[in-house]
Amino acid sequence: MSYSRLIIATGAEQRVLPETRPLDGVWTLDDSLGLRSALRAAGKVVVVGAGFIASEIASSARSLGTEVTIVEAAAVPLVRAVGEPVGEALAGPHGRNGTRLICGVQVERIVGDERVQAVGLSSGRWWRPTWWSWELAQCRRRTG
């Protein structure tokens with residue numbers, strides 16, 4: 001099959017982290033117009049999830065010179081969508097481009113008053129981003 005452009009539109013709905021009030025630095029689709037300038041200004045970015053959308057956000061942020069950490073709950077990115085071998089292959093560019101990829105851990109806590117100040121992981125580690133992405137990056141397949 002040949003094509004000049006490819007669009008994969010599977011449909012999705014966003015996930016919302018339970019018991020989290022709106023904080024500056026947590027972005028939604030409505031905020032996407034200001035995304036590029038926010039990524040340019042950020043020093044450190046934490047992206048939760050290593051799916052297609054999250055990986056694009058991470059890649060864009062990295063290309064703008066931002067330090068990026070991806071936190072993925074699964075042992076291999078995209079394992080449910082494409083399987084382990086392809087997921088591992090798709091994870092490769094993150095490391096080659098300087099993005100830190102942490103797999104097999106979950107976000108357990110977000111600390112901050114009006115802005116995210118720290119992200120607590122199930123591994124016991126804490127990250128202190130200057131910018132944070134959850135709602136835009138986290139979605140689940142809509143199948144009906």
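**Reading the model feature by feature**

Tutor: Let us begin with a pair of facing residues: Thr-69 stands opposite Arg-100 in S4. Please keep in mind throughout that this is a predicted model.

Student: In which sense do S3 and S4 pair, and over how many bridges?

Tutor: S3 and S4 run parallel, and 4 bridges hold the pairing. On its other pairing, S3 is joined to strand S2 (residues 44-48), again in the parallel sense, over 5 bridges. Thr-69 in S3 also has Val-46 opposite.

Student: Which helix makes a β-α-β unit with S2 and S3?

Tutor: Helix H2 (residues 52-63) does; together S2, H2 and S3 make a β-α-β unit that is right-handed.

Student: Is S3 largely enclosed or open, and why?

Tutor: S3 is largely enclosed by the rest of the structure, because 5 of its 6 residues are buried. As a general idea for reading any strand, side chains in a regular strand alternate between the two faces of the sheet. For the chain as a whole, 37% of the 144 residues count as buried.

Student: How many salt bridges does the structure hold, and which residues form a salt bridge?

Tutor: There is 1 salt bridge in the structure. Arg-100 and Glu-67 form it, with their closest N and O atoms 3.9 Å apart. The pair links distant parts of the chain, since Arg-100 belongs to strand S4 (residues 100-103) and Glu-67 to strand S3 (residues 67-72), 33 residues apart.

Student: My next topic is pockets. What volume does the second largest pocket have, and which residues lie nearest its centre?

Tutor: The general idea is that rolling a probe the size of a water molecule over the atoms shows where empty space is left. Here, the second largest pocket has a volume of about 330 Å³. Its lining comprises 17 residues, and those nearest the centre are Ser-55, Glu-56, Ser-59, Leu-90 and His-94.

Student: Which helices supply at least two residues each to that lining, and what is its make-up by class?

Tutor: H2 and helix H4 (84-96) each supply at least two residues. The largest share, 6 residues, comes from H2. By class, the lining of the second largest pocket holds 7 nonpolar, 8 polar and 2 charged residues.

Student: Finally, what is there to note about the backbone at Leu-78?

Tutor: In general, most residues other than glycine have a negative phi. Leu-78, although not a glycine, has a positive phi of about 60°. Leu-78 is found in the loop between S3 and helix H3 (79-82). With a relative accessible area of 15%, Leu-78 is buried, the cut-off for that class being under 20%.

Student: Where is Gly-98 found, and is Gly-98 buried or partly exposed?

Tutor: Gly-98 is in the loop between H4 and S4. Its relative accessible area is 46%, so Gly-98 is partly exposed. The C-alpha atoms of Gly-98 and Ser-63 are separated by 9.7 Å, while the two residues are 35 residues apart along the chain.

Terms used
Residues are numbered from 1 along each chain as its sequence is written. This is a predicted model: local features need pLDDT of at least 70, side-chain atom pairs count only at pLDDT 80 or more; totals for chains, interfaces and linings use all residues. Side-chain values use heavy atoms; hydrogens and water are left out. A salt bridge is a side-chain nitrogen of Lys or Arg within 4 Å of a carboxyl oxygen of Asp or Glu. Buried means under 20% relative accessible area, exposed over 50%, partly exposed in between (1.4 Å probe, protein chains only). Two strands pair if DSSP finds at least two bridges between them. A crossover is right-handed if, with the strands pointing away from the viewer, the path from the first strand over the helix to the second runs clockwise. On a 1 Å grid over the protein atoms alone, a cavity is a set of points where a 1.4 Å probe fits but cannot get out, and a pocket is an open set with protein on both sides within 12 Å along at least five of seven lines; lining residues have an atom within 4 Å of a point. Grid points are joined across faces, edges and corners, and a volume is the space filled by probe spheres set on the points. Ala, Val, Leu, Ile, Met, Phe, Trp, Tyr, Cys and Pro count as nonpolar, Asp, Glu, Lys and Arg as charged, and the others, Gly among them, as polar.
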